[in-house]
Amino acid sequence: MTNSFDDLESAGCIFAIGTNTTACHPLIATRIYRAKERGARVIVADPRHTQLGDMADLCVHHRLGSDVALLNGMMHWIIENGWHDKDYIAARTEGFEEMAAVLAEYTPRRVEEITGVPAADIEKMAELYATCGPAALLYAMGITQHTTGVDNVKSCCNIALLCGNVGVAGGGVNPLRGQNNVQGACDMGGLPNVFTGYQPVSDPAVVEKFSKAWGRPLSSKPGMTITDMIAAMLDGRIKALYVIGENPKLSDPDWNHLQHALNRLDLLVVQELFLSETAQIADVVLPAASVAEKDGTFTNSERRCSRIHKAIEPVGNALADWEIVCRLSTAMGYPMDYPGGPEQIFDEMAALTPKSYAGMSYARMGLDGLQWPCPSADHPGTPILHTRGCTRGPGKFHAIAYQDPAEMPDEEFPYFLTTGRMFAHFHTGTMTRISRHLDAEQRTGYVTIHPDDAQRLEIAEGDLVAITSRRGQMEAPARISADVPPGNLFLPIHFGENPANMLTSADAFDPLAKIPEFKVSAVRIAKARAA
Amino acid sequence: MDLKFVPSICSYCGTGCGVLFEVLDGELVGTLPMKTHPVNHGKLCIKGWNLHEHVNSPLRLKHPLVKTFGRFTKVDWDKAIGVATDRLKAVIAAHGPDSVGILVSAKMTNEENYLAQKFARAVIGTNNVDHCARL
């Protein structure tokens, strides 16, 4: 997030697109409700009807995968009416003319044809966003999990820059992170192309710095993303996989394809809390300590790095992940020993990460944590990014044309399928389905289907529905609801016995970010068995 | 009776709510919202309130496991680390360091992510490091 949770409450307008915030980030949704109480206008855009849509001033349901067109249509109308922030654009951005040339084609009428959102609503959204500022834009995986994920994100940045909403209180471009430490895992260099703090592996000076600190020669060749690794397992370039705290067998696209890839490995090591679907097929399983059984830090969506404290001893012989890595490393001939524990590891990392974490320490974090960038020990942390201009220099507009998703419904596969989370469960369900109170909320998977479609196919509530895509077939009980538009289905991703990723595609991903298009697949359905 | 409240952060979504683990005589018995925390101001969602339940699950893995002839055997740490590293070394010797992939985790701490990518880059010798950010 460029801005912070507290800051959301000072927004004049909140625009939530591709985020089911009340279900997936309930305590962030609280901020939206509070902002609304203070008079902020709320716009919600989502192909499904969500709870947030009920409280919005304006709620639209654009067709799956049509985000770029919707945002371009809003920007077209903003420029047409002269609502854009001309001083801000002149002083702090570049590329406006090129973008405006592309936007000229996206009239509300044309965008209505692509997105299914009435032109009058597009015009109203544009007016609210541009004239009730500062406007905070919020998004989640509904924006990113597309073949055009990068285009979608850039379009969100375009509209924020257009109305002068980057670097100001109550504004910003605010992705809501789906996992407790996804921000931290990225910040720590858990990516194939960067070390900590996004220092590129392709920069010889950076490689030399880390090489010197770690006492080993390092490769300057960027590695493979998870998407590339799966292809490489299939053709034999990857022979061993070490998986920590992740259940790719359920979470990755195209179950059959992935199964085939994992089967070809010479060695699969899985480090886990539970015997997950992925751990079950491992050669070696290493039991890890849970959040309550160790010390360390997590970094949240608003870049806040906070402490976790060890409350109890690990169960059985489980060890903290850092201790397991130290043992593996030592056995591989590179002794790793941190008698000072996680604090000593943090200090080593901070010293190598000058721009963002260098000024942080356990002593400074206290109970509230610190928000990066925090470059020096006397720096208070940074609640809002880009306040003195964008970090890269002028804010860059990108001219982006709309493209269809990789798969659109056709005669053979006439339904749109989208996937996501529901409120009581988390991701592949390994942590929540074994929790008594959460399991009681939702015990089984389901597929949401519109009443018109259900009626036509003679599907009643609870009937087992067979869903087939070009990749495979699975079954789930029907939940009949007008929360999905006619011709659309929704599957939650938490349930191994109704695996949504049996249907999704491993070939449809964003060319730059390599993020799979979990949000759009084409499927056909049939009643499998009455309830 | 020894009752203590240990401050921590919820390990579900990316909001990062402050929690207090309620520990009674060394046992984790509950999760409470941290009233003063700047993220959640004393509130939690249903997952947060039940955070301790996954920690206490009887299904938690308690011993390292090694698979031989299709079946898992409980082993001690030295054995598990020995098997994993012997086989990793064999793969690297035969196919080079770039034949190894490492998936670090958006569920573990910053310190652990830092060490895991250091392990990949300095010990294995590959940049094939990624995690579930895209999923």
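Figure 1. Loop between β10 and β11 of chain A. In this predicted model, A:Arg303 sits in the loop that links β10 (296–299) to β11 (304–308) of chain A. The phi angle of A:Arg303 is positive, about 65°, although the residue is not a glycine. Loop between α22 and β16 of chain A. A:Glu458 belongs to the loop that runs between α22 (451–456) and β16 (464–468) of chain A. Although A:Glu458 is not a glycine, its phi is positive, at about 55°. A:Glu458 is exposed, because 9 other C-beta atoms lie within 10 Å and the cut-off for an exposed residue is 12 or fewer.

Figure 2. The loop between β12 (370–371) and β13 (395–396) of chain A holds A:Cys374. A:Pro373 is placed in the loop between β12 and β13 as well, and the peptide bond that leads from A:Trp372 to A:Pro373 is cis, with omega near 0°. A:Cys374 is buried, with 24 other C-beta atoms within 10 Å. Leaving aside residues up to four places away in sequence, the contacts of A:Cys374 are A:Ser356, A:Tyr357, A:Gly359, A:Met360, A:His379, A:Gly381 and A:Thr382. One of these, A:Met360, is 14 residues from A:Cys374 in sequence, and their C-alpha atoms are 6.6 Å apart in space.

Figure 3. A:Pro134 is located in the loop between α9 (119–131) and β5 (135–139) of chain A. The bond that joins A:Gly133 to A:Pro134 is a cis peptide bond, and its omega is near 0°.

Figure 4. Helix α7 of chain A spans residues 96–103, and its buried residues include A:Phe96, A:Met99 and A:Leu103. Viewed down the axis of α7(A), the buried residues fall within an arc of 70°, so they line one face of the helix. An α-helix has 3.6 residues a turn, so residues three or four places apart point the same way. A:Glu97, A:Glu98 and A:Ala101 are exposed on the other side of α7(A). The packing partners of the buried residues of α7(A) are α5 (67–80), α6 (86–92), β4 (93–94) and α11 (149–162), each in chain A.

**Figure 5. Helices α5 and α11 of chain A.** Two packed helices are described by the angle between their axes and the distance between the axes. For α5(A) and α11(A), the packing angle is about 15° and the axes are 9 Å apart. With that angle, α5(A) is roughly parallel to α11(A). The crossing in which α5(A) passes α11(A) is left-handed. On the α5(A) side, the contact is made by A:Asp67, A:Val68, A:Leu71, A:Asn72, A:Met74, A:Met75 and A:Ile78. On the α11(A) side, the contact is made by A:Asp151, A:Asn152, A:Ser155, A:Cys156, A:Asn158, A:Ile159 and A:Leu162. Both α5 and α11 are also among the elements against which the buried residues of α7(A) pack.

**Figure 6. Helix α8 of chain A and the glycine that follows.** Helix α8 of chain A covers residues 108–115, and its buried residues are A:Pro108, A:Val111 and A:Thr115. These residues cover an arc of only 60° around the axis, which puts them on the same side of α8(A). The face turned away from the buried side of α8(A) carries A:Arg109 and A:Glu113, which are exposed. The buried residues of α8(A) pack against α5 and α9 of chain A. After α8(A) comes A:Gly116, with a positive phi near 80°.

**Figure 7. Domains of chains A and B.** Chain A is divided into domain 1 (5–176), domain 2 (178–221 + 288–310 + 336–376), domain 3 (224–287) and domain 4 (415–529). Taken over C-alpha atoms, the centres of domain 1 and domain 2 of chain A are separated by 32 Å. Chain B is divided into domain 1 (3–55), domain 2 (61–95) and domain 3 (97–135). Between domain 2 and domain 3 of chain B, the C-alpha centres lie 19 Å apart. Four residues of domain 2 of chain B contact four residues of domain 3 of chain B.

Conventions. Residues are numbered from 1 along each chain as its sequence is written. Chains are lettered from A and ligands numbered from 1 in the order in which they are written. This is a predicted model: local features need pLDDT of at least 70, side-chain atom pairs count only at pLDDT 80 or more; totals for chains, interfaces and linings use all residues. Domain bounds come from an automatic or database domain assignment. A residue is buried if 20 or more other C-beta atoms lie within 10 Å of its own, exposed if 12 or fewer, and partly exposed in between; C-beta atoms are placed from the backbone. Helices (H or I, at least four residues) and strands (E, at least two) are DSSP runs, numbered from the N terminus. The arc is that of the directions from the helix axis to the C-beta atoms. Two residues are in contact if their C-beta atoms, placed from the backbone, lie within 7 Å. Axes are lines fitted to C-alpha atoms, for helices over the stretch in contact, and angles run from 0 to 180 degrees between N-to-C directions. Angles under 35 degrees count as roughly parallel, over 145 as roughly antiparallel, 65 to 115 as roughly perpendicular and the rest as oblique. A crossing is left-handed if the near helix is turned anticlockwise from the far one by less than a right angle, and right-handed if clockwise.
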